Amino acid sequence: MSQDNLIFGPTYAEMKDPSLIPQAIRQKAQKARTEAPLDPINLFNINWKDDNGQVRFVTIPHELTGISANILVLKGRYFPTGSHKVGPGYCALVEKQLSGEAKPGNRTAVWPSTGNFGIGGSWVGPRMGYRSLVVLPAEMSRERFEKIKGYGAEAIATPGSESNVKEIYDKVNELKRDPNNLILNQFADFGNYRFHSTVTASAVEDAFRTLQKEHAGPLHLRAWVSAMGSAGAIGAGDTLKEHHPGFHIVGLEPVQCPTLFNVGFGAHRIEGIGDKHVTWIHNVANMDLLFCIDDEDTLRGLQLIQQGAELLTKELGIRESHVQKLADSFGMSGVCNVLGAIKTARYLGLGRHDVVATVATDGFDRYPSCLEKLNEEDGVPSVTRDRQLRNLEVFRKPGGGDMFLEGTLAARKRWHNQKYFTWVEQQGKSIDELHALWEQDFWKQQRAKVDELDKQLVHARGSLKKLAEATA
């Protein structure tokens, strides 16, 4: 396949601001979003904005949280595949295509994942012409496996659940022996970090400005909160922190698998986060707080949002339209992030002029089976009012107790050193490479590569006429 026939999508700048995409390409992509979701032109729908250029976000009602601080949540479910993870997948592959490492026809794209990144890869790879293999734990929700197959990829199930990342790596190391297999490792690929520190950070700023216009009085962006799966999304905080005084980057992990909190381990049910290791692309030297979230709270919170409309509207007085927005916006990790945002606001003593931003990675479409299992465990055909009132307490008083840490120098150094065991001992990174991650200049250099990558991409894809033909 010649360079002219390679499929390229948007630049980082175009993902930040889709209005930069030529109108004909943009209109074609907007139409394909619903009419032809498997058309490669949908690569140009990898952004946080709607067709009017507004960032899709939702605020969490104060009646639900019991706090006066504002919680702003980016909505990831409108990306192709229904999750923002398609963005890091695209960036990882397109960067390797630009470098010459990847070319469809002679490389198979391998996507190690605990769920959404694999789903993103299962969509991105075939759209760009690559046979794709997704490696993920066998105990992930059945909806995830169905989506991977539906997008044209193959799934390889490894033993265990969300926390069994080492088993994924073991399988990937087997696949790596075949030189035709191209490993796209979200836990170590800086395309993932660049997507969030560039595109997601810009979306947070845009959403914050929109919220400011609607708010009576000044607002201050105080924190970015994200659970760590690959630790891509938390990277948005590195950029935001440069522009907002007193800003906090807050990480979350499960009570049941408190790896950064106390080098803990264990299985948990928050699909998408907490994997018994510290990822290579996590800038732990810049993280200010860590909270642990109980996976039971996450499930109960999701149950309330999905099945507690009557309580939320009639008893709490939340508008029915807002309740529907919540039901449309959240999956498991999104609820986890909201609970972490509430804990952050309480811990920092934030008030009505303060904003805590976070992200809903996906929507509910990949979790019905999780709530079905929860209802079976409760032994009831429907959720009672008493249960919903107890679920409400999940938001009013998020669990986790005293399982939190401030990002002191000692804590940050320990988080950094924990990378050694996965990445140096098991995955072949060098000590010098590990030391480089401690310096903030390293992370600034990673973010600074975006402009040059965009220039290379514009040159590689040539005229937009050819681009339109290639994605037809």
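Predicted model: local features only at pLDDT ≥ 70, side-chain atom pairs only at ≥ 80, totals over all residues.

Guide: A disulfide here needs a pair of cysteine sulfur atoms within 2.5 Å. For C336, the closest cysteine sulfur is in C292, and the two sulfurs are 9.9 Å apart, so they are too far from each other for a bond. C336 is also buried, because its relative accessibility is 0%. C91 is likewise a buried cysteine, since its relative accessible area is 0%.

What does C336 touch? C336 belongs to the part of helix α14 that meets helix α11, together with M332, V335 and L339. On the α11 side, the contact is made by D297, T298, L299, G301, L302 and I305. Sorted by type, the residues of this contact are seven nonpolar, two polar and one charged. Helix α14 covers residues 332-348, and its axis comes within 9 Å of the axis of α11. The two axes cross at roughly 105°. Angles of 65 to 115 degrees count as roughly perpendicular, and α11 and α14 are therefore roughly perpendicular to each other.

Helix α11, which spans residues 295-307, also packs against helix α16, residues 385-396. The angle there is about 120°, and the axes are 8 Å apart. Helices α11 and α16 are therefore oblique to each other. Their crossing is left-handed. From α11, the residues in this contact are D297, R300, G301, Q303, L304, I305 and Q307. They meet R387, Q388, N391, L392, V394 and F395 of α16. The contact of α11 with α16 divides into five nonpolar, five polar and three charged residues.

Another helix pair can be read in the same way. Helix α8, residues 190-214, and helix α19 have axes that come within 10 Å and cross at roughly 85°. Helices α8 and α19 are therefore roughly perpendicular to each other. F190, Y193, R194, S197 and T198 of α8 make the contact with F442, W443, Q446, R447, K449, V450 and L453 of α19. These residues divide into six nonpolar, three polar and three charged.

W438 lies in the loop between α18 (431-436) and α19 (440-461). Setting aside residues up to four places away in sequence, W438 touches A285, L409, R412, K413 and H416. W438 and T361 are 77 residues apart along the chain, and their C-alpha atoms are separated by 27 Å.

T422 sits in helix α17, residues 409-424. T422 counts as buried because its relative accessibility is 9%, and the cut-off for buried is under 20%. Not counting residues up to four places away in sequence, T422 touches Y169, H277 and Q427.

K49 lies in a loop, between α2 (23-35) and β1 (57-59). K49 also counts as buried, because its relative accessibility is 10%. Apart from its neighbours within four places in sequence, K49 is in contact with K16, P18, Q54, V55, R56 and D206.

Technical notes:
Residues numbered from 1 in each chain as written. Heavy atoms only, no water. Axes fitted to C-alpha atoms, helices over the stretch in contact; angles between N-to-C directions. Helix = DSSP H or I, 4+ residues; strand = E, 2+ residues; numbered from the N terminus. Parallel < 35°, antiparallel > 145°, perpendicular 65-115°, else oblique. Left-handed = near helix turned anticlockwise from the far one by under 90°. Contact = heavy atoms within 4.5 Å. Nonpolar A, V, L, I, M, F, W, Y, C, P; charged D, E, K, R; others polar. Buried < 20%, exposed > 50% of the residue type's maximum accessible area, 1.4 Å probe, protein only.
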